[in-house]
Each structure stands twice: as C-alpha cells, then as structure tokens.
Amino acid sequence: QVLSWVDELVADGAAVVIISHECEPFCMRARRAFTLSEGRCSRPIALPDEPSARQAQLDRLARGELRQS
C-alpha cells in the first residue's frame, strides 16, 4: 500500500522523502539519496540508473561507507 501511494505521489509530480534503513523496497523508485551524520544532512547524491549499481550504492550509504558532505 505504501509503495502504491508513493508511486501516485511521484506520478503527480511530488517529491517524496523516505527515511529508512530498509532501502530495498524503495530502491527502484529512488533517484537521489541523502545521508544524515552527526545531525547534518548531505547534499543530494545522484544514484546510478542501473538497478544493481543503485542497490549497491544505497546499501553502502546505509552502512555509512560512503560519506558525502
């Protein structure tokens, strides 16, 4: 249900922000990501178009392996 709702919002032109450590359900929908560290939010991080590369980058971001300022 949540994914359908997100799809509807995006189709209507909305920007949707999801905060989660569980990236997989949203991986194919994500175009950009942000990290939060020590109370600071990163600039938008563009994600790769290729699905497995996108999933790998989101996983690394979720584990804190990629630091963006």
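## Salt bridges, core and surface of a predicted model

R63 is exposed because its relative accessible area is 52%, where exposed means over 50%, buried under 20% and partly exposed in between, using a 1.4 Å probe and protein chains only. Before going further, please note that this is a predicted model, in which local features need pLDDT of at least 70, side-chain atom pairs count only at pLDDT 80 or more, and totals for chains, interfaces and linings use all residues. Residues are numbered from 1 along each chain as its sequence is written, and side-chain values use heavy atoms, with hydrogens and water left out.

### Charged pairs

Side chains of opposite charge can pair when their charged atoms come close. How many salt bridges does the structure hold? There are 2, counting a side-chain nitrogen of Lys or Arg within 4 Å of a carboxyl oxygen of Asp or Glu.

| Salt bridge | Closest N to O |
|---|---|
| R63 and E65 | 2.8 Å |

Helices (H or I, at least four residues) and strands (E, at least two) are DSSP runs, numbered from the N terminus. D7 is partly exposed at 37% relative accessible area, and R29 is partly exposed at 34%. In the other pair, E65 is partly exposed, at 48%.

### The core and the cysteines

Which residues make up the largest nonpolar core? Its 8 residues are C23, C27, A30, A33, I45, L47, L58 and L61; such a core is a set of buried Ala, Val, Leu, Ile, Met, Phe, Trp, Tyr and Cys residues joined through side-chain atoms within 4.5 Å. Leaving aside residues up to four places away in sequence, A30 touches L47, R54 and L58, a contact being heavy atoms within 4.5 Å.

Is C27 buried or exposed? C27 is buried, with a relative accessible area of 3%, whereas C41 is exposed at 53%. The disulfide count is 0, with a disulfide taken as a pair of cysteine sulfur atoms within 2.5 Å.

V10, V16 and I18 make a nonpolar surface patch of about 210 Å². Patches are made of residues with over 30% relative accessible area and no salt bridge, with like charges joined within 9 Å and nonpolar side chains (Val, Leu, Ile, Met, Phe, Trp, Tyr) within 5 Å. I18 sits in the loop between α1 (2–11) and β1 (32–33) and is partly exposed, at 38% relative accessibility.

Key. Accessible areas come from the Shrake-Rupley method with a 1.4 Å probe; for residues, only the protein chains shown count as cover.
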